[in-house]
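Hello,

Here is the structure I said I would pass on. My notes follow below it.

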Amino acid sequence: MRRVAIYVSGLSFLFSVGLLVAGVARPKDGGDRTKVEASIRGFITAVDPERMSKHLFYLAKDPLPYRKLNLTLPGHQKNTLYEADDYLAGKLEAVGYHVEREGVQVQAFRRDTTKPKNAQYSPPKPEDPWYTAYNLYAEKKGRTHPEKIIVVFAHKDSQSWIDSPGANDNGIGTVGVLEMACVLAQYTPECTIRFLWCNEEHTPWTSKTAAQKAKARGDDIVAVFNTDGIGVKTAEQTAAGKKTNVTAYTKPEGKRLAQLMSEVNDRYAIGLEQRMVERSRPGDDDGSFVLAGYPAAIINIGSWPYGDPEYHAEGDVPERCDIKNAALTVQATLAAVVTLDQGL
Ligand SMILES: [Zn+2]
């Protein structure tokens with residue numbers, strides 16, 4: 001789901017990385033900087049589009065055509081979203097993470113077929129079934145500033161009101177965040193890096209709980225990277241072979257992260273057509289964090305406005321995903337996260 005009401009702002013580079021988190025950042029000297037940049041190049045190289053593709057087809061085609069609480073495959077014990085949760089947790093545990101689950105009560109959306117195809121979700125009635133949806137967390141504790149937290153996340157569920165595989169929305173972001181967690185599995189960060197998979201195609205969005213509970217605990221979240229629809233483009237952009245990423249932000253603190261995305265894309269020659277836009281109000285799952293009091297929050301998305309002609313439709317299948325584009329966005333996001341982590 002997404003709310004679209006924004007205007008486009010040009011690229012600018014007013015802030016260096018060292019100023020990203022005012023009062024905390026300390027620029028590295030030459031030798032340290034060279035070492036950090038070499039390690040970032042190593043992480044960029046480690047991103048594997050084939051591994052991402054394998055996960056995506058598992059989660060959006062076979063054996064799991066959907067990821068929703070209100071659909072259990074014939075002969076299976078668990079609904080398809082719980083099966084997806086188990087798959088993600090298994091992959092994370094295999095590379096050494098401890099996975100925590102946070103239960104949130106949600107309902108499936110009803111479907112209103114009188115509305116346009118991409119917006120047929122409609123509110124459930126109170127008597128509709130309630131389900132426990134889980135936020136999944138995997139964390140790397142910081143060595144120097146464990147109290148400073150960088151959140152990297154995606155919504156993992158597919159549309160509850162329609163039988164769409166939700167490959168671009170948002171199987172692709174789900175496996176993008178999994179790839180980042182796997183590439184950073186052996187990394188010892190300076191700050192805490194928190195990977196989160198939430199649910200946004202059921203109601204209420206479970207990112208709200210994640211953000212509000214973080215605020216209630218007093219978590220010092222310094223940056224939030226939402227990963228949704230990465231590599232998604234219009235039919236024209238796809239035909240032209242474009243590799244795009246749009247970073248949308250709501251607040252000035254988010255704009256600095258958007259600028260960082262541009263900087264790392266250039267510095268490491270990642271090759272994205274990278275642009276940034278300002279939202280007119282908080283939206284998507286990054287908006288849940290902005291509304292909870294964490295203004296340094298962005299979304300990385302392939303196009304803005306969202307260009308997928310199969311958006312929220314049965315045709316959002318994994319064969320249509322631009323995995324190479326998504327992998328470039330994962331590389332840039334990883335580079336931004338580690339740059340930020342090392343600058344603190
Ligand atoms: Zn959606």
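Gly315 sits in the loop that runs between β12 (297-301) and α9 (323-343); helices (H or I, at least four residues) and strands (E, at least two) are DSSP runs, numbered from the N terminus. This is a predicted model, in which local features need pLDDT of at least 70 and side-chain atom pairs count only at pLDDT 80 or more, while totals for chains, interfaces and linings use all residues. Residues are numbered from 1 along each chain as its sequence is written, and side-chain values use heavy atoms, with hydrogens and water left out.

Gly315 counts as partly exposed because its relative accessibility is 22% (buried is under 20%, exposed over 50%, partly exposed in between; 1.4 Å probe, protein chains only). Beyond its neighbours within four places in sequence, Gly315 is in contact (heavy atoms within 4.5 Å) with Glu310 and Arg320.

Helices α5 (residues 206-217) and α8 (residues 284-291) pack at about 30°, with axes 8 Å apart (axes are lines fitted to C-alpha atoms over the stretch in contact, and angles run from 0 to 180 degrees between N-to-C directions). The contact involves Ser207, Lys208, Ala210 and Ala211 of α5, and Asp285, Ser288 and Phe289 of α8.

Regards
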